[in-house]
Amino acid sequence: MLKGLYTGWSGMVNEMNRLDVMTNNLANVDTTGYKKEAATSQSFSDRLAVKIKDQSDFGLPYRLGVANLGVKIGEVYTDWSQGSFQVTDGKYDVALDGKGFFAVAFKEKGEGGETSVRYTRDGAFSVNREGYLMTKDGDFVLDQNGAENSDPDETNYIRLDPNLPFDIDQRGYISQDGEAVARLGVVDFEDYDFLLKYGENQLIPIDGANIIESTANVEQGCLEASNVNVVDEMVSMITIQRAYDANQRVVTTMDSMLDRAVNNVGKV
């Protein structure tokens, strides 16, 4: 009976975790380049239930069957599928059609903060007064050399003439006045399991991450939207709520049975 309480409780905790992941997806439905997450569930290892100290079987353990103690939280994984394109016609807006990431030089906030290379699918860029190409969060966009070598040095920042128009071709080359002045740093990774999310749309490569060449095309004048489907997430919310209620009823039923066993049966 106590196992029933634990099974219901573990189910409720698991559904709460799923709800947390789903609400984070909904909160970032308008975040450019955001990749939705999903949570998995795992069952505890089965345990053999036996009767012990039962003299009717000459004191030998008697097998009752296999019992499972409920569910436990599994891993949270990322759906890397490409989001739809939103045409903005903004000359600083770019999107990647295919697998790959832009590279940016991220500086830790505060005095003396370290600068490292982060990767993102968010191509909502702008140019500051000095002509440097930057993200909307104020990070410098790196060129191809900086992306491939994970080098956030200032020499790998992309700098344009803010007084001249520019074009970006599908290979990422930026041209001004008929000449290529820089190339957007676009790379891919051999295994996305070695990418750690930072914030909502930046990624940090960890030990084991291998940078490879990207086959993505750069599209100017559009942005990649989040790949979160609001309708699917709302349906999941209803499913989670029903599963949570079912586990809650299990706990309530077990509590009622324990109450009767202690207060009523014990009086007989």
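Part of the cover over the buried residues of α3 comes from α1, where buried stands for under 20% relative accessible area, exposed for over 50% and partly exposed for what lies in between (1.4 Å probe, protein chains only). The buried residues in question are Glu 233, Ile 240, Asn 247 and Met 254. Helices here are DSSP runs of H or I with at least four residues, strands are runs of E with at least two, and both are numbered from the N terminus. The model is a predicted one, with local features needing pLDDT of at least 70 and side-chain atom pairs counted only at pLDDT 80 or more, while totals for chains, interfaces and linings use all residues. Numbering runs from 1 along each chain as its sequence is written, and side-chain values use heavy atoms, with hydrogens and water left out.

Two packed helices are described by the angle between their axes and the distance between the axes. For α1 (residues 2-27) and α3 (residues 230-263), the axes come within 8 Å and cross at roughly 160 degrees. Axes are lines fitted to C-alpha atoms, for helices over the stretch in contact, with angles taken from 0 to 180 degrees between N-to-C directions. The crossing angle therefore makes α1 roughly antiparallel to α3, a label for angles over 145 degrees. The crossing of α1 past α3 is left-handed, meaning that the near helix is turned anticlockwise from the far one by less than a right angle. Sorted by class, this contact holds 18 nonpolar, 8 polar and 4 charged residues; nonpolar covers Ala, Val, Leu, Ile, Met, Phe, Trp, Tyr, Cys and Pro, charged covers Asp, Glu, Lys and Arg, and polar takes the others, Gly among them.

As for length, the 34 residues of α3 should span 50 Å at 1.5 Å a residue, and the end C-alpha atoms, 49 Å apart, agree with that. The expected span is 1.5 Å times one less than the number of residues.

Over in α1 sits Asn 17, which is buried at 18% relative accessible area. Setting aside neighbours within four places in sequence, Asn 17 touches Ala 39 and Ile 73, contact being heavy atoms within 4.5 Å.

Most residues other than glycine have a negative phi. Ser 150, however, has a positive phi near 50 degrees; it lies in the loop between α2 (144-148) and β12 (167-168) and is partly exposed at 35% relative accessibility. Asp 177 also has a positive phi, near 55 degrees. The loop between β13 (173-176) and β14 (179-183) holds Asp 177, which counts as exposed at 70% relative accessibility.

Terms used
Parallel < 35°, antiparallel > 145°, perpendicular 65-115°, else oblique.
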